[in-house]
Amino acid sequence: SHLRGQVEADQYRDGQTFRVLKSVTPLFAEPRSDGAIQTELLFGETVTVLEQSSEGWSWGQSTCDSYVGYLLSDHLAPFLTPPTHRLSVLRSFVYPTPSIKHLPLDALSFGAQVCVEGQTDRFSHLQGGGFVITDHLAPLDQKADDPAAFASLFLHSPYLWGGRSSLGLDCSALVQLSLQTCGLACPRDSDMQERETGDRLEPDEPLQRNDLIFWKGHVGLMLDATTLLHASGHQMLVVQEPLETARSRIRTITGQDITSRKRVRWA
């Protein structure tokens, strides 16, 4: 509806806000489970649903980064209560009772958003049921200032095109999740990140921790002045390696060199 007057259409809708019920749910380009994955949404993240079909699909827009696509409707529920906490470890189980001896109901991934109703010993009781280790959660409004520390949690995680979870993620998701955890809005794709995130560095300016390195279609994050952390489609893992090693390999394989180096700043 906010495009009324800017875009001609047969109809306009405000949409309805839903939250993700599954630990991870894919966002598809088409309403087909065997179709191309655009990205993934994590537990508790929200999506504005503009249309639902009788075939079990919802078409909507992610609140996190404005990505648009199709999701399975039974992976969503109406958004009622804002989340209070975010998962701050790579992965953590949801238990049916406040005991680690019971079979978990699910496993949440880093960045998942939950609403905590209370605490029992080591556990936080989640709205809608389930218990998570309290030390694995951080208040949603708590902001950090070291994205590389969070990116490092994903070291050796599998590379997955379109992925955004500890089960698998791509290069731009690694950067997005790490920056978002530190309170910085970050687009989903590397080309958008290169345009919109951080300040461009001069070619001779020394690199430092948390600087972003861009190639065409790829991005990584510096752990220090010489070491790159990135989700590599070559190794199919999140790896850390000397920047010059990655640069030489990418140049050899693709003929592409670094397109920009950028520094993220906090106010």
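Colleague: Strands here are DSSP runs of E, at least two residues each, numbered from the N terminus. Which residue in S13 is the bridge partner of Thr120?
Modeller: Phe123, in this predicted model.

Colleague: And how many bridges join S12 and S13?
Modeller: Four, with the two strands antiparallel; S12 covers residues 116-120 and S13 residues 123-126.

Colleague: What sits between them in the hairpin?
Modeller: Two residues separate the strands, and Asp121 has a positive phi near 55°.

Colleague: Changing topic. Which strands does S1 pair with?
Modeller: S1, residues 16-20, pairs with S4, residues 46-52, in the antiparallel sense over four bridges. S1 also pairs antiparallel with S7, residues 76-78, over three bridges.

Colleague: Which residues stand opposite each other there?
Modeller: On the S4 side, Thr17 stands opposite Thr48. On the S7 side, Phe18 has Pro78 as its bridge partner.

Colleague: What about side chains along a strand in general?
Modeller: In a regular strand they alternate between the two faces of the sheet.

Colleague: How many bridges hold S8 to S11?
Modeller: S8, residues 85-87, pairs with S11 over two bridges, in the antiparallel sense.

Colleague: What stands opposite Arg86 in S11?
Modeller: Gln113 does.

Technical notes:
Residues are numbered from 1 along each chain as its sequence is written. This is a predicted model: local features need pLDDT of at least 70, side-chain atom pairs count only at pLDDT 80 or more; totals for chains, interfaces and linings use all residues. Side-chain values use heavy atoms; hydrogens and water are left out. Two strands pair if DSSP finds at least two bridges between them.
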